[in-house]
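This briefing sets out the main features of the structure shown below. Please keep the sequence and the model in view while reading.

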Amino acid sequence: MKKLQAGLVFASLIFPFTPANAILLRSGGAQFEINPETLQINADSVVLNKAHTKQKLINLTTSSSEASWQWPERHIQVNTKVDGDDLHITIASDHPQKLN
């Protein structure tokens, strides 16, 4: 049992944690994992954006290269799109505010 526990700890240090609710967007060779509740973004095992405070999520729509959703309690709409090797993110709100 100790070998298994050590193996799991070692694996968690090598491979970043990807939440079960993360979505995968791809285009060409680019691949991004995005958690729509926290806006954590990973690409090729590198954290590009650390998780923000978890938000209630509605109207999640996804395709292989695009995703959109709303954070209703904050009146925020998020749209993401992979274009070539780039990830484009648009965050819109009906009033000025900070993400965290």
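Where in the chain is the place of E37? E37 sits in the loop between β2 (30–35) and β3 (40–43). The structure is a predicted model, in which local features need pLDDT of at least 70 and side-chain atom pairs count only at pLDDT 80 or more, while totals for chains, interfaces and linings use all residues. Residues are numbered from 1 along each chain as its sequence is written, and side-chain values use heavy atoms, with hydrogens and water left out.

**Overall make-up**

- The chain holds one helix and eight strands; helices (H or I, at least four residues) and strands (E, at least two) are DSSP runs, numbered from the N terminus.
- Read from the N terminus, the elements follow the order α-β-β-β-β-β-β-β-β.
- Of the 100 residues of the chain, 26% count as buried; buried means under 20% relative accessible area, exposed over 50%, and partly exposed in between (1.4 Å probe, protein chains only).
- Among contacts with a separation of 6 or more, 30% come from residues 24 or more positions apart; contact means heavy atoms within 4.5 Å.

- E37 is buried, with a relative accessible area of 18%.
- Beyond its neighbours within four places in sequence, E37 is in contact with N21, T53, K54, Q55, L57 and W71.
- The structure holds one salt bridge, a term that requires a side-chain nitrogen of Lys or Arg within 4 Å of a carboxyl oxygen of Asp or Glu.
- K54 and E37 form a salt bridge, and their closest N and O atoms are 3.8 Å apart.
- Because K54 lies in the loop between β4 and β5 and E37 in the loop between β2 and β3, the pair ties together parts that are 17 residues apart in sequence.
- K54 counts as exposed, at 58% relative accessibility, whereas E37 counts as buried.

**The four-stranded sheet**

- Four strands form an open sheet in the order β5-β6-β7-β8, with antiparallel pairing; two strands pair if DSSP finds at least two bridges between them.
- β5 (58–62) and β8 stand at the edges with a single partner strand each, so one side of each is left without a neighbour in the sheet.
- On average, neighbouring strands of this sheet are turned by 10 degrees against each other, direction ignored; the axes are lines fitted to C-alpha atoms, for helices over the stretch in contact, and angles run from 0 to 180 degrees between N-to-C directions.

**Strand β7 and its partners**

- Strand β7 (residues 76–83) has a covered face of I76, V78, T80 and V82 and an uncovered face of Q77, N79, K81 and D83.
- Strand β6 (residues 66–71) pairs with β7 in the antiparallel sense over six bridges.
- W69 stands opposite V78 in β7, and A67 has T80 as its bridge partner.
- The hairpin of β6 and β7 has four residues between the strands, and H75 takes a positive phi near 55 degrees there.
- On the way to strand β8 (residues 86–93), eight bridges join the antiparallel strands β7 and β8, and D83 has D86 as its bridge partner.
- β7 and β8 form a hairpin with two residues between them, where G84 in the turn has a positive phi of about 65 degrees.

**Residue I91**

- I91 belongs to strand β8 and counts as partly exposed, at 37% relative accessibility.
- Leaving aside neighbours within four places in sequence, I91 is in contact with L39, I76, Q77, V78 and L99.

**The nonpolar core**

- In the largest nonpolar core, which has 14 residues, F32, I34 and W69 touch the most other members; such a core is a set of buried Ala, Val, Leu, Ile, Met, Phe, Trp, Tyr and Cys residues joined through side-chain atoms within 4.5 Å.
- β1 (23–27), β2, β3, β6 and β7 each supply at least two residues of this core.
- Not counting residues up to four places away in sequence, I34 touches N21, A22, I23, L25, Q40, I41, W69, T80 and L87.
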